[in-house]
Amino acid sequence: MTAQETKLFNAFETTLTATMGSSDTTFTVNAVTDSYPTTLAAPFYIVINPDSATNREVVLVTAVNTSTKQLTTSVPNRYLKGSASSSGLSHASGTVVRMAPLQQHIEDINDRVDANFNEAGTQIVAGNAVKDEDNMSSDSATHLATQQSIKAYVDTQLGASDLDLTADTGGPIAIDLDTDTLDLEGGTGIATTASTSKISFGIDSTVATLTGSQTLTNKTLTSPVLNTSATGTAIKDEDNMASDSATHLATQQSIKAYVDSNVTAQDLDITDGSTTSAVDLDSQTLTIQGTANEATVGLTGQTFTIGLPSSITANVTGALTGNASTATALATARDFSLTGDVAASAVSFDGSGNVSLSTTIQPNSVALGTDTTGNYVATVTGGYGIDSTGATTGEGIAHTLSLDISELTVATAVAADYVAIEDVTDGSTKKALIGDIISEGDITAIVTGSDSGLAGGGTQGAIDLTLDANNLASTTAVTSDFIIIQDVTNNSTKKALISDIVSLGDITEVAAGTNLNGGGTSGVVTVNLDTTITGLSSVSSTLFVGALTGNATTATTLQTARTIAGQSFNGSANIAIDLGNLDDVTIGTLSSGQVLKYNGSAWVNGSADGDISAVNTAANSGLAGGATSGDVNLTVDPSNLTDGTSITVDTANDFLILEDVTNNTVYKVNPSQIASGSANALIVGDSDFTLTDGIANGIHYELDNTDMADWNQAGVVLSTAGGIFQHNQVQAATYTVPANTGSVMAGPITITGTVTNNGTLVVI
C-alpha cells in the first residue's frame, strides 16, 4: 500500500463528467465540494462504479484542481486492492464516484506504523525506528534513542569529560565532571568563597593591596609592573582564553565567561526525524510528554514508561485486528443472490436491516432420483400385447392400459403353457397351467355319426360340419313325418309336419320341365335335375331348402344378419369381436363350464388334439397317483423304484434328486457332493453300521450282532464288549480348544504350532 497520508471525507459522492479511459491518469467530476461544505484535498481514495462487481475500481487521487474539477492520479495508483481487475477498466460519463475505500486507509495506517513513517510521509528507517545504543555509535540522524541509551551516553560522556588543571607545582590534574568536585582552595594570601553558581577568589589580610596600608615583611618585588590596564600585564582578560598562556593570570570575568561557555556547550541533541533540537545540560530539562487520548508517559526514578491510554481518540488508517463492538452499517453495501438449481435475484445488504431472498427453482434443475424422493415414472409405453393411450413421456400424463390381442403371436397351445387368470379370493392376477384348467374327458375329436345327415369333423383346429343328405337313411315320407325348416320370424330351426306344408292328392301330374327329368301322374313322383343344367342365365328364388353343392362366386350380404359374439354381421363389413361376448369364454374369473380362448386356429374350447386323457405313473418312475379327469395329484413313491442294491454307483457321473427346502427347488446332485470319503464295502449281515439324524444318537456300529460303540452327544461310548480307542496323529497346525469344549489328546501326537486351551484338555 502507498506510504502516504490520505484524507477521509464524510460520504462524499459525485459522478464523472466524461469518459475515463483504461490508461487515463486525469479525469473530471461534477463536484469537488459537498454540502458540509468540504472541499476535496489530495491525497484521498475514491471508488469508481462502486456498486458493480465487474467494473469497480479503487483509485488513489494525488492532486485536485478545484476550479476545473479535475482529479489526478498515476498508473501505479489505479486498480488498487478492491478493484474488479488489475488493469484495463474504463468508465463512462455519469459513472458514480464515491469516497468510500475505508480498507485502503486502514492499510495505510498499518503500513505507516509498520514501516515507521512520519506525518509528512518520510520513512524514518526500514525496521526499528528506535535505537538502543549506549555509545550511539551509528550517529543516526533518522532514529530515536531510548531513555536508557540517552542516559548511558550522557553519563558516559560526562564521565569521560573532565577539567584539566595545572599549577605552578604539581599537576596537571583532571577533574571528572561526572564524579569529581573541583576544589578551589585558597593558598597563602588567597581566600575562596563559593556562593550560588560562582566561586569568589580574594586576598586575605596577609596580602598587600594597592589600596590601603599594609605592611610587607620580608617581601621581594622583582621587576614589578604597575599598570591599571590588563594589557601587557601578567593578568589576561580573555573570555575564550585563546592565548592559552602558562605565564599569565586570568581575570575573574574571563574565567567565568570561559567556564560558563564550556559548561553551556554541553548539551543533548535530539530529533524527531525532521526537526533537530538540543537540551542544554546546564540550564534546560528534557521533557517527554504524551498526547491526550493518544499516548501516556510516566516517570519513575530514572525510567520513562510510554504507553497507550485506555481510551484512544485518533483517526485510524490501516487494517485493524479484532471486531468492532458495534457498526451501524457497512461502508459499501453488498449484494446477496443465489445462482444454480435454485436462484434468487440480488438484494442489497449494508448491515442496517435483514435480507430476504425470494428463490425460484430453475427449469430442468432437479435431478430425479438424486434431488428427489418418491416414485416417478419417466416413460410409460405399452408392452407386448398392451396398448397405452397416454404420451410415452412427460409429467402429469394420464395413461390407460388395455389388452391388445392383435399384437400377440399365434401359437399352438399345449397343456404345459400358461394362461392368465384372476384369483377371486384376493383379486390378484396369476398364471395357471392350461393342463390345470382343462378337465379330463374334454372333447378330443368331432366326428359325424352314421345317418346323421352331417359331413366333416376333425381332431384339432377349426372344425367344419356341413349337411350331407347322402349320410341319411332312405325312407318313405308320410304326412305325419316331419321336415326341418327355418322360421324366418326369428331365424330358429324347427320341425314341421309334411301335411302342414303339402296337401296330398292335389297334384295330378308332375311333368319334368327344362333341365328336369322324371315325373308322373300318380303315386310317388320323382323329379330330378338333369346332371347337366343348360340354358339357365340366372336363378331367382326367395328360399332354397336343401344341400347345395359348391359355392356362390359372390354374395353381397346375407339375407338375414347374424349376431356373432354380440356383434351384428351380414357380410357387408368386418366386425370386431369382444372376447367377453363369446359364450362360455371369459377374460376374468373362471366359472364351471367356462374356458379361456387361447387361439382359434389351434385350440378352441379345449378341443385341441393331444389333450391329456389320463395321467398314469409308469413302472419304476418313483411316483404314485394319477387320474383320468379332474385334478391329478402325483406323489413320490420310493417303492415304485427298482431295487438298486446290486448296482454300482458311479459317483463321478450319476446323480441324486435333491429338493432344497430353502427355496423348494429340485436339483440333481452328484453323490460326491453329499458325502466325501470312501468305503470299501457296506455288507449286509452280522456287521452293522448305523447313521441316524436323532438328537441323542449319532453313529452306531456293531459286530456279530454285538453293540461295540456309540457316537453321540455324550461322546464316544465303548460297550461292555469292550474295545480299544487307538489314536496316532501328527497335528501340524496350531491347536485351540474352544470354550465349553473338552478335548482328549492320546499320544503319540505331535503339534508343531501353539496349543491354546479355552476349555478342558486331557492329555493321555
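Colleague: Where in the chain is D244 placed?
Modeller: D244 lies in the loop between β14 (235–236) and β15 (249–250), strands (E, at least two residues) and helices (H or I, at least four) being DSSP runs that are numbered from the N terminus. This is a predicted model, in which local features need pLDDT of at least 70 and side-chain atom pairs count only at pLDDT 80 or more, whereas totals for chains, interfaces and linings use all residues. Residues are numbered from 1 along each chain as its sequence is written, and side-chain values use heavy atoms, with hydrogens and water left out.

Colleague: Why is D244 called exposed?
Modeller: The relative accessible area of D244 is 67%, and exposed means over 50%, buried under 20% and partly exposed in between (1.4 Å probe, protein chains only), so D244 counts as exposed.

Colleague: What makes the phi of D244 worth a remark?
Modeller: Phi of D244 is near 50 degrees, a positive value in a residue other than glycine. Most residues other than glycine have a negative phi, and most peptide bonds are trans. D139 likewise has a positive phi, near 50 degrees; D139 is placed in the loop between β8 (130–131) and β9 (144–145), and its relative accessibility of 69% makes D139 exposed.

Colleague: Is the peptide bond from A42 to P43 cis or trans?
Modeller: The bond from A42 to P43 has omega near 0 degrees and is cis, and P43 belongs to the loop between β2 (26–28) and β3 (44–48).

Colleague: Why is the pair of F336 and F349 given its particular name?
Modeller: The structure holds 1 aromatic pair. The ring centres of F336 and F349 are 5.3 Å apart and the planes stand at 85 degrees; rings of Phe, Tyr and Trp (its six-membered ring) pair if their centres lie within 6.5 Å, with planes under 30 degrees apart counted as stacked, over 60 as edge-to-face and the rest as tilted, so this pair is edge-to-face. The pair links distant parts of the chain, with F336 in strand β20 (residues 334–338) and F349 in strand β21 (residues 342–349), 13 residues apart.

Colleague: Which residues have the most contacts inside the largest nonpolar core?
Modeller: This core has 15 residues, and those with the most contacts inside it are L16, F27, V29, F44, I46, I48 and L71; a nonpolar core is a set of buried Ala, Val, Leu, Ile, Met, Phe, Trp, Tyr and Cys residues joined through side-chain atoms within 4.5 Å. β3 and β4 (57–61) each supply at least two residues of the core, and the largest share, 3 residues, comes from β3. Beyond its neighbours within four places in sequence, L16 has contacts (heavy atoms within 4.5 Å) that include F27, V29, I48 and V97. Another core, of 5 residues, lies apart from this one and has Y45, V58, L60 and L80 among its members.

Colleague: Where is pLDDT under 50?
Modeller: One such stretch is residues 226–231, which have 2 contacts beyond four places in sequence in the model, pLDDT being the predictor's confidence in each residue, from 0 to 100. Residues 598–610 are also below 50, and this stretch has 35 contacts beyond near neighbours in sequence. Where pLDDT is low, the predicted coordinates should not be read in detail. The chain averages a pLDDT of 74, and 70% of the residues score at least 70.
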